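Dear colleague,

After it I set out what was found, in the order in which I would read it.

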Amino acid sequence: MHFVKYWYKFIYYRIFRMDDRLLLIIAGSIVGICSGLAAVCLRQSLGAVLDWLHPFRHYWWALFLPAAGAALSSIYLEKVTKEGPGHGVPEIIYAVSRYGGLLRFRSSYSRLISSFLTIGSGGSAGPEAPIVMSGSTIGSNLAKFLSLNDRQRITLVGCGAAGAISAIFNAPIAGLVFSIEIILGEWKFVNIIPIAIASVAGAEISKILYPGHTVFVHQPFNIVLTDVFASLALAVITAIVSIIFTRSLRGMGKISKQVPLPFWTRAGLGGCAVGIIGLFLPVVLGEGYHSIQSMISGTYSMGILIIIISIAAKIFATSMTLGWGGSGGIFAPCLVIGSLTGLAFHRTLFALIPSLANAGEGAYALLGMAGLISGMLQAPLTGIFLIVEIAGGYETILPLIVVSSISATLCHYIEPASFYLKELVERGQLLRPGSDSRILSDLSIQELIDDSYVQVAQNMVLREFLSVIKESDKYLFPVIDEDTRDYLGLIQINTIRQYALDPGMHDMILLNQIMDTTVVTGTLENGLQELLDMMDLNNIDIIPIVENYKFIGMISKAEILNLYRRELIMQTSIQ
Amino acid sequence: MNKKLLHIFRNTPFGRETFLQSLYFCKKVRVMPIVYIPETTKFLMYFAQDAVQVDLDNSYLTSPESSVKHATELFEANNFKPVFFEPKNFTASTLPDIPTNFDFVCLPRSISDLSSKIGLGHLGPKVRRIVKTANFPTLITSPVFKEWKSIAIFFGGSENAVKAAKLGLRIGKAADLPVRLYTIKEKDEKYYRNLLKDSGLEDEFNKDADDWHFLENNPFKEVLYEIPHDALIVLGAFGHGIIKDLVFGSKMEKIQSILTNNLLIAGPNCTVPYL
């Protein structure tokens with residue numbers, strides 16, 4: 001046993017942990033490969049089940065297929081893996097910003113299976129977020145296995161997300177950018193190399209296992225000046241559609257919670273609505289990659305009116321699927337809605353002015369996709385690089401930048417938080433690196449408590465108290481009950497001056513007669529941000545901390561700011 | 001009374017027994033009890049290296065309208081001011097985060113296995129994982145409320161046994177109760193005494209402990225009869241590494257499935273609080 005232990009320690013510490021950067025690169029590539037495998041598994045199985053169900057889609061009873069899938073998916077999540085519905089990306093961001101990227105192992109497979117049930121049966125959702133969840137969880141758990149620290153664990157979580165996006169779209173740069181822009185929220189040198197390697201590993205494993213099956217075939221476009229100007233208008237339209245889509249998704253979620261039905265019935269009802277729409281507009285069913293490909297290659301045959309109806313139908317179908325309890329992400333629906341929007345815009349514009357030269361409707365479908373991704377996720381770089389890699393070149397870069405940046409800016413103006421972050425922002429739980437709330441949350445309240453304050457008994461007479469004051473350098477004195485030692489109030493020296501200057505009062509006044517019982521108190525459970533808010537609200541610079549009715553100490557604004565400064569220096573010095 | 005014990009309240013007669021046991025522990029050791037009344041059947045605990053999702057069974061949600069009243073009555077009957085824990089952070093809307101900065105946490109033997117709720121049963125997988133990961137000692141109560149009149153420390157020689165000895169000695173001192181060490185002799189007596197000496201606990205032991213019983217390595221069940229029925233057992237857990245635990249099983253799990261006593265368990269990551 002000792003021999004095994006010796007060699008284990010030798011290999012682990014002397015070879016594997018010789019250099020932490022090397023370790024992260026090796027671990028990152030493993031995570032990237034695992035994410036790629038998850039992507040291939042889900043895509044292959046979704047492709048197989050969608051092909052298998054395709055011949056039955058024209059039967060009337062096919063409307064129940066998405067209902068059954070969504071109901072089964074919600075039962076699986078709620079009863080088998082005991083996780084809530086949703087796509088999981090906010091959960092990853094939450095874990096990264098608050099708990100050093102700790103994710104439960106069960107999340108590595110739970111959402112893959114539930115989204116397979118939802119999307120495979122025809123539900124309108126995307127497989128990207130579940131694969132991102134799976135990859136990130138694998139990264140987090142590998143970090144746990146290797147006993148890595150929080151910062152390294154967060155990097156591996158980012159590796160998982162990058163590997164997933166990269167493997168799905170064969171877009172390693174988009175994977176890297178998605179991971180850093182959306183998941184981690186910080187560009188740091190230590191993160192970029194492992195994540196880039198994971199991204200490449202994810203794309204390569206997908207290509208090796210699934211050769212010749214990229215989601216979208218590269219399509220070169222010849223961009224002209226008209227397209228750049230037209231993209232200004234397209235950006236505004238995609239921003240409006242993004243806002244409508246965001247609000248519809250959240251609104252449906254709120255409505256479904258008010259329906260007094262079991263969770264699986266609600267999911268089934270949502271699926272049923274999708275099934276009914278799907279009978280007439282098949283574009284709303286599933287993840288929609290096939291429709292996107294035909295729009296990019298300019299072979300989408302539907303008329304302008306049907307396209308506009310399809311946009312509304314896809315928004316409604318996705319909201320019904322995800323808002324009512326189905327499982328999956330919004331990435332693929334964004335791409336479908338975006339490409340439909342781009343197509344509708346192109347057909348309308350060039351029907352009105354047919355003589356204008358342009359890059360063709362495929363290019364506008366791509367620009368629409370970039371606009372929707374940038375607007376919904378408020379991540380313009382992800383939108384730009386994803387489309388650049390799908391298009392297979394930088395020809396479209398200028399209109400892409402215009403569409404993505406304007407769409408993201410307009411959406412940010414109307415909805416300050418992206419769809420992924422909105423819930424976290426509303427709960428006050430988004431702690432992005434470098435933000436005030438993040439730094440404050442990293443400070444320990446215990447470090448700030450000054451417990452050197454002298455506690456005085458409520459029945460002490462003023463004369464005795466004056467002698468206590470003489471020996472103390474403090475100007476605040478907590479008053480406690482002699483028997484229970486419970487905190488009762490506070491005495492500030494400047495408020496007792498009138499009694500102190502009148503010797504006749506020295507033996508007549510007890511401290512419980514002059515103490516201030518209205519001073520607001522905090523507890524150890526309060527966050528520093530909360531304590532600062534309480535101090536601001538009550539216009540005080542120092543606050544007593546009372547736990548279980550006992551006085552623990554004082555926390556001052558000055559000490560918080562002092563520690564904040566030190567923490568800020570420490571955090572910003574880590575590159 | 002700055003130290004805190006978290007108790008997850010179950011509004012059932014069995015839950016009352018475990019809560020009474022927690023309150024008794026708090027009273028003896030002068031620790032502040034804090035009650036969490038779950039509103040969902042799951043919650044998450046984020047430890048330094050692991051996120052553990054605890055899936056409760058539905059009995060934890062029994063009669064939510066009377067939970068606070070029942071818990072308050074038990075608090076007041078034991079001269080404690082009621083303190084309830086309200087989760088502030090949520091990983092998902094139905095998944096609250098429970099902080100892990102408590103000094104003690106009380107757990108039933110299994111939190112999601114209906115078959116072993118009343119009997120001793122075996123440790124549930126979640127309880128096992130919390131014990132393995134937590135930085136606090138875990139109080140696993142007897143199925144029915146019983147007072148304890150002494151502290152029995154199991155000292156088997158592992159790294160965690162040293163922690164358990166330290167914890168037991170501090171608990172004994174805080175509760176002002178006799179402390180006895182029990183060792184099942186697998187090696188020479190001197191080995192265990194040297195181990196205690198090397199870990200710097202010899203002086204504390206000589207000062208605060210009453211006795212050290214070395215039990216012959218007979219069948220385990222027979223040996224355990226020597227342990228007083230009214231002692232709080234303090235022991236280390238999962239200190240031997242995964243391979244030894246897989247091959248020989250966990251001693252702690254054997255003890256908990258045989259003895260009806262209250263157990264205070266120090267896991268591999270546990271830090272022993274000053275009392």
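Is Ile195(A) buried or exposed? In this model, which is a predicted one, Ile195(A) has a relative accessible area of 0%, and because buried means under 20%, Ile195(A) counts as buried. The residue is found in helix H9 of chain A, which covers residues 189-209. Leaving aside residues up to four places away in sequence, Ile195(A) touches Thr155(A), Gly158(A), Cys159(A), Ala162(A), Leu176(A), Ser179(A), Ile180(A) and Leu184(A). Between Ile195(A) and Gly32(A) there are 8.2 Å in space, C-alpha to C-alpha, although the two are 163 residues apart in sequence.

Turning to the interface, 28 residues of chain B are in contact with 30 residues of chain A, and the area buried between the two chains is about 2,400 Å², with carbon and sulfur atoms giving 45% of that area. The rule finds six salt bridges across this interface, and one of them joins Asp55(B) to Arg106(A), whose closest N and O atoms are 3.3 Å apart. It also finds 11 residue pairs in polar contact across the interface of chain B and chain A, with both residues at pLDDT 80 or more.

On the side of chain B that touches chain A, at least two residues each come from strand S3 (42-46), strand S4 (51-55), strand S5 (90-92), strand S6 (95-98) and helix H3 (125-133) of chain B. By residue class, that side of chain B divides into 13 nonpolar, six polar and nine charged residues.

Methods: Residues numbered from 1 in each chain as written. Chains lettered and ligands numbered in written order. Predicted model: local features only at pLDDT ≥ 70, side-chain atom pairs only at ≥ 80, totals over all residues. Heavy atoms only, no water. Contact = heavy atoms within 4.5 Å. Buried area = accessible area lost by both parts, 1.4 Å probe. Salt bridge = Lys/Arg side-chain N within 4 Å of Asp/Glu carboxyl O. Polar contact = N/O pair within 3.5 Å; in protein donor to acceptor, adjacent residues only side chain to side chain. Helix = DSSP H or I, 4+ residues; strand = E, 2+ residues; numbered from the N terminus. Nonpolar A, V, L, I, M, F, W, Y, C, P; charged D, E, K, R; others polar. Buried < 20%, exposed > 50% of the residue type's maximum accessible area, 1.4 Å probe, protein only.
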